[in-house]
Amino acid sequence: IKQVMTLMNEEAGKVSNSLKLQELDEKIQFKDGEHRSLCLGETNRQLIRDGSFKRKNSGFPLKLFLFDHVLLLTKEKQVSDSIEYHALCKPIPLELIALEPEVQDSSDAFEQNKVGFPFTFTSLSKPGGKYTLYASSPAERKQWVNKINEQKDKRKSERVTIFDTITTSNITFDANCQINCATTYVSYDNRKKLVIGTDLGIYTGFEDDPCSFKKTHELERVRQIYFLTEFNMVLVLQDKLLVVYSLDAFDFPDSPANRHGQKLASHVSYVNVGVCDDRKTVVYMKFRGLKSFFKVLEPVSIYQGRQKTEGKLLCQRNGFALKLMTEFYVGTQSRSVKFLKKRLYVVTSHSFEIVDLGTLHTNKSIPDVLDGTKYDFLENREGCRPIAMYRTNADEYLVCYTEVAFYVNNSGKRSRPNFLMEWEGRPTDVALYYPYVIAFDASFIEIRHVETGSLEQVIVCNGLKCLSNGENTGVIYCAMRPKHATHQCVFQLDLPSWKTSPFRNSEVFDKYMLRLYDTT
């Protein structure tokens, strides 16, 4: 009988919780033009706690709702014969809430301010901010702090861990040595070598030997590094000077014969290396006024059989050179250039410009604002700019901006009008690891499912910077600053060898673990 009664009480509690969530879903209102889904109809969704609080210098009480996945701050408003709860900010995921240490109040302090007993939390989610609420008693404050912490821990333990952090080294960089980029290559003795570019030089070391890291090149403001190992070349963008080094300069950095490179170009803003139309391709860009001018090069062997390679050859060394393929320009300022299977795309301040290297046509822009689809969600967001786009299937691209991500088809028209992925942060870079897209904010990494847009995991980092999104090496590197520290360290997202496999079943993917390594 006790077991039956317990089961009945549990089921009655679930029904009561479900009805209350349904009622709240109808009463919670967001600002005009904002669409926020609390997903209160999902299975196992729970309302953990709700209560009224005061804010200093505020004449109206606030209603706080703690759900099992988010915290929501609202203002209670009487409308006709019913009550509505108007959200004062967007729902804050529990992973992005930082509670400040509890302050011990004396009765005298409470009598002086006449407001209540404060507790403070910070939201890492945009637009961010610090919130101080006043409870009516110390006991109520303590209960809320405990419930929030308990639910944060419970959510962390119950969710599937996609990325795992493992510390492997204690080598760090001080605040004066700004880290700008990182990449890897396989050295002459078949060992994986990590190369880090900073404002004070290049540091190298073996991934399996944390003590091997040291400064190998005294160069200032190293922005980008690319290895073309099959052509015995290394491209280094030092400030705005693009230099080509021999691979020996990194295999044997102590040899004075290998320390000098060949100047390829000056006044270069950025460079990228990839594969386009099954050929290794190097593209670099120079600004001239408000226009972006590009040169496209192909690394080649100087001699093909007994015949010397035709065309303009640059930086000839050790039997290899860079062959000038073509030049083109885009009539606006650009931020980066990236590779599709047979074409390039240029990331500008407002769109992605598709470039066909065969015809040099740049008449296609993504998104296509002339297709009749409304793009108010881009225009109404200040500072919203393109970052990257990724093909997720034969007919669609996931287009990522600093505020949102959405799908377009091969013609550049929006293919899923009801799908809009809104980032919790303001990412400066993104990476795709199907079925997940990874966004890098200055304070955290957010991992979302590309098909549903749901937030799957958050990794909080301080002073985060993406150094390499894995497009060239298959490995993601980031820099971060440990909490309450001034030094920086580099960590790696170690991707399995089957990274490029187009997984369509997330259950298969979830059997594996991605590991976030703190490597230097």
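**Exercise 1: salt bridges**

Work out which residue Arg221 forms a salt bridge with, and how far apart the closest N and O atoms are.

Solution. Start with the ground rules. You're looking at a predicted model, where local features need pLDDT of at least 70, side-chain atom pairs count only at pLDDT 80 or more, and totals for chains, interfaces and linings use all residues. Residues are numbered from 1 along each chain as its sequence is written, and side-chain values use heavy atoms, with hydrogens and water left out.

Step 1: apply the criterion. A salt bridge here is a side-chain nitrogen of Lys or Arg within 4 Å of a carboxyl oxygen of Asp or Glu. For Arg221 the partner is Glu220, with the closest N and O atoms 3.5 Å apart.

Step 2: check the exposure. The classes are buried (under 20% relative accessible area), exposed (over 50%) and partly exposed in between, using a 1.4 Å probe and protein chains only. Arg221 has 34%, so it is partly exposed. Glu220 sits at 48%, so it is partly exposed.

Step 3: The search turns up 25 salt bridges. One of them joins the side chains of Glu95 and Arg155 at 3.0 Å, N to O. That pair links distant parts of the chain, 60 residues apart: Glu95 is in the loop between strand S6 (92-93) and S7, and Arg155 is in helix H3 (residues 138-158). Helices (H or I, at least four residues) and strands (E, at least two) are DSSP runs, numbered from the N terminus. With a relative accessible area of 16%, Arg155 is buried.

**Exercise 2: aromatic pairs**

Classify the geometry of the Phe53 and Phe119 rings, then do likewise for Phe352 and Tyr401.

Solution. A pair of aromatic rings is described by the distance of the centres and the angle of the planes. Rings of Phe, Tyr and Trp (its six-membered ring) pair if their centres lie within 6.5 Å; planes under 30 degrees apart are stacked, over 60 edge-to-face, and the rest tilted. That rule gives 19 aromatic pairs.

Step 1: the centres of Phe53 and Phe119 are 5.5 Å apart with the planes at 70°, so call this one edge-to-face. Phe53 is in strand S2 (residues 47-53) and Phe119 in strand S8 (residues 117-123), so the pair ties together parts 66 residues apart in sequence. Both Phe53 and Phe119 are buried.

Step 2: Phe352 and Tyr401 have centres 5.9 Å apart and planes at 90°, so they are edge-to-face. Here Phe352 comes from strand S28 (residues 352-355) and Tyr401 from strand S31 (residues 396-401), 49 residues apart. Phe352 and Tyr401 are buried.

Step 3: zoom out. Phe53 and Phe119 belong to one aromatic cluster along with Phe121, Tyr131 and Trp144.

**Exercise 3: S8 and its partners**

Determine which strands pair with S8 and how many of its residues are buried.

Solution. Step 1: two strands pair if DSSP finds at least two bridges between them. Strand S7 (residues 97-99) pairs with S8 in the antiparallel sense over 3 bridges, and Ile97 has Ser123 as its bridge partner.

Step 1: strand S9 (residues 129-135) is also antiparallel to S8, over 7 bridges; Phe117 stands opposite Ala135.

Step 2: the S8 and S9 hairpin has 5 residues between the strands, and Gly128 takes a positive phi near 80° there.

Step 3: 6 of the 7 residues of S8 are buried, so this strand is largely enclosed by the rest of the structure.
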